[in-house]
Structure formats: C-alpha cells, structure tokens
Amino acid sequence: MAAPGENLRINGDRLWDSLMEMAKIGPGVAGGNNRQTVTDEDAEGRRLFQKWCEEAGLTMGVDQMGTMFMRREGTDPDALPVYVGSHLDTQPTGGKFDGVLGVLAGLEIVRTLNDLNIKTKHPIVVTNWTNEEGTRFAPAMLASGVFAGIHELDWAYEREDAEGLKFGEELERIGWKGDEEVGARKMKAFFELHIEQGPILEAEGKDIGVVTHGQGLSWTQVTITGKESHTGSTPMPMRKNAGLGMARVLELVDEIAWSHKPHAVGAAGHIDVYPNSRNVIPGKVVFTVDFRSPDLAVITDMEERLKKGAKEICDEMGLGIEFEKVGGFDPVEFDKDCVKAVRDAAERLGYSHRDLISGAGHDACWINRVAPTAMVMCPCVDGLSHNEAEKIFPEWARAGADVLFHAVVETAEIVE
C-alpha cells in the first residue's frame, strides 16, 4: 500500500484548540478535569464530540455500552474500516489529555483528510470507548472489554459505584445507551494515540513512543476486618486494628513488587477505612492492590504471594481477610504490521522514537484480542498522569497526531 507523503501533516493548532475546548467540560478543582464515566459531564462531552464529528461529515453509531463510533466512508463499501480512538472519560482528578488526545486526534485525522480532499479505500471510524478509566465503575476498559468478549454485557450493566448506582442504569439515564450489539463490528485495524503516562520519552528526549507491548495488570480488592473500638480507652493488647493490618500488608505489596524489578510495579491507590473517625480504631478497611508486569508468570507470583503473606499477617493479628479479583488482563503483544506502520510513520516524518512497553492499561489492550492493533505515545511532563497537573506541549500533541495520521491513512489506503 502507498504511504502518505511526508508533507502530509495534521493541523496542530486546531487539535490543540479542540483539546482546550473539551477541557472546559467537567473542570477539575486544580486545572484538570473531572469528567467521570456516565455522569452528566460525560454526556456533555459526548454531545460536543458528536457535534464536531457531524460537522466533519461523520455518521454516528452507538452500541449498548454507549461507545461512540463516528464513521467516514471509504470508496469501497465492502472494505473493513480502520478504527482510531481512545476515551473521553477522566479520573476524578484527571488531566486534559489522558484519553482525550487519542479521540480528538482521530477527529483531526478526518478533518485533515477533508481539508485536503483525500479519499481512502477503507472507511475510518473515530471511536470513544465508554468507561476506560474504571474509577467510578470497576474494572477499567469496561466497554472495550465487553466488545472483545472479556466481559458479559449484563455483568457490565450490574457494576456499581460507591453510591450503589448501577452502570447500566446510569448509562441509560444520561441518554447514551445505544441499540447496536456490542462487538458486532469487524475491524481492519485499530490505532490508539495516548500520552505516555511515564517519564521515559521526556527523559530521553524522544518525540514518539512506538508501543510494542502492554503490561499485564492485576487488581485484587482486599477487605480486612477487625473490631471498632475507642482509640483512647482500648488497651493496646486488646485491639483488633484493621488499619494497622492494612499498613503491614501494604509493606508486603511494596516488597513483592521490588523483588521483580525493574519492570514489575505494585501499590494500593484505592483505600476506604471504616468508620473513618478520629477516635475510632478502624474495624474494616477495603483497598485494591494493583500489580503490573509484562510477564504473566510474574503477575501470577505476585498475586499468590500477596494472598499467602497477607493472610499470615492477619492471622497473627487476629484479623479477618478476604480477597476478590476485581480486574485484570494478561500482558499484550501488539500486531507487528500495525507497529511497523507506526514506526515507519515516525521515521518518514523525521520524529525521534523508541520502542515502549505501556505501563498502563488501554482500550487497545482488549481490542488487540479481536483486531490488529497498535499504539502511539507522546511524552508528558515528568511522566505525570491521573493528576490535574498532567501536562503536554502542543508540539508533542502535533507529533503524536502526525504519526497517528500516517499510520491510519496508510492502513486505510489513499485512493489516488
């Protein structure tokens, strides 16, 4: 297939303006965004994205998980579409770029093709996957997981948030529950642009990350039960302190992750303490241990050592403990041809690049199960993400979108 000429570039200013306009919806308290999945703010962001896509001549499909598919027709009605996208939902204290860059860069590809009056053989479909973040409704990458056959639709609908609200009911409430069967679409390929969410590209002065693999992930929710009692009048030998049990288990988590350095990582980011009162010894704690590694055997080892070691800690302290696997996926190897298209695009455009293993989960990790898939990454300042201070520069966004443009359009095949 013919590669796009190296002079073909997206409109970086327009892309940046779109990013800043979307960031006005669901503003955070410290300069970022709080546009959590299937909230009113999510619905507003979706409507703006829909408006922009329809102005660019795209037609919309929405599946039963609320995922938006915005299609630009190709010259061959029977040719499989090339999909491109990411997610518009954010963390509660999220940045302006995580996920959003990949969706709006997909739209910018279409806008640029329109500007240049370029037709492609294969349709191009810009995609906004529902509930990638998994913060409000676990697990992460929920809609793409249903699409890839990892989760059942009814199971996804029954996921509950901290307030006991169900995902399916909230999706319907905001008006974005579509009729299309989830997973019915067939893809020629799927490409996703994302900020790195790590420090490597910036530290090495590289413009582009060519993502070859994705780390596997394991989320284990741990519940430790003790006995609520007065912090002042309960003698030390008579305490059953669930909070102290958690502290000792978290030290174990850190020790386990360090034992598999340099690629394995582990921590607990979600912690609830009950009753969370200043003068009551915690009677229950619930926290989620996040282990990641590009090696499945390492993930399995970390899970087993957590369960064995945490139970020993709690038995010794007279505490109860329960484990529930609430999310996870195996390590991913992306499609070699799609990866080559990304690498070739970076070289054609003169951008410095290096291969990367993605430390975070992405919708591309699930879609890789059902279609050829690859990812493009651009740097982010200090590797910071899932934080309102998340920052990239316009030239980084432009470079990533340029490479995405070339990889997608080469795969979709320009019609001369």
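Thr225 stands opposite Gly320 in strand β13. Strands here are DSSP runs of E with at least two residues, helices are DSSP runs of H or I with at least four, and both are numbered from the N terminus. The model is a predicted one: local features need pLDDT of at least 70, side-chain atom pairs count only at pLDDT 80 or more, and totals for chains, interfaces and linings use all residues. Residues are numbered from 1 along each chain as its sequence is written, and side-chain values use heavy atoms, with hydrogens and water left out.

Start with the strands. β8 (residues 216-225) and β13 run antiparallel and are joined by 9 bridges. Two strands count as paired if DSSP finds at least two bridges between them. β8 and β13 belong to an open sheet of 4 strands, in the order β10-β12-β8-β13, with antiparallel pairing. β10 (265-274) and β13 (320-329) are the edge strands, and each pairs on one side only. On average, neighbouring strands of this sheet are turned by 15° against each other, direction ignored. Helix α8 packs on the sheet and touches β8, β10 and β12 (284-293). Its direction makes about 5° with that of β12. Contact means heavy atoms within 4.5 Å.

Now follow α8 to its helical partner. α8 (residues 242-258) packs with α9 (residues 296-317) at an angle of about 150°, and their axes are 10 Å apart. α8 is therefore roughly antiparallel to α9. Axes are lines fitted to C-alpha atoms, for helices over the stretch in contact, and angles run from 0 to 180 degrees between N-to-C directions. Angles under 35 degrees count as roughly parallel, over 145 as roughly antiparallel, 65 to 115 as roughly perpendicular, and the rest as oblique. The crossing of α8 past α9 is right-handed. A crossing is right-handed if the near helix is turned clockwise from the far one by less than a right angle, and left-handed if anticlockwise. On the α8 side, the contact includes Leu244, Val249 and Ile256. On the α9 side, it includes Met302, Leu306 and Ile313. The residues of this contact divide into 11 nonpolar, 2 polar and 2 charged. Here Ala, Val, Leu, Ile, Met, Phe, Trp, Tyr, Cys and Pro count as nonpolar, Asp, Glu, Lys and Arg as charged, and the others, Gly among them, as polar.

Step back to the whole chain. It is divided into domain 1 (12-214 + 331-412) and domain 2 (216-329). These bounds come from an automatic or database domain assignment. The domain centres, taken over C-alpha atoms, are separated by 33 Å. Domain 1 gives 13 residues to the contact and domain 2 gives 12 residues.

Another helix pair is α1 (residues 12-22) and α3 (residues 100-116). They pack at an angle of about 140°, with axes 10 Å apart. α1 and α3 are therefore oblique to each other. Their crossing is right-handed. Leu15 and Leu19 are among the α1 residues in the contact, and Leu101 and Leu104 among those of α3. By class, this contact has 7 nonpolar, 2 polar and 4 charged residues.

Last, check the backbone. Most residues other than glycine have a negative phi, and most peptide bonds are trans. Met141 is not a glycine, yet has a positive phi of about 50°. Met141 lies in the loop between β5 and α4. Pro139 is placed in the loop between β5 (124-128) and α4 (142-147). A cis peptide bond joins Ala138 and Pro139, with omega about 5°. Another cis bond joins Tyr274 and Pro275, with omega about 0°. Pro275 sits in the loop between β10 and β11 (280-281).
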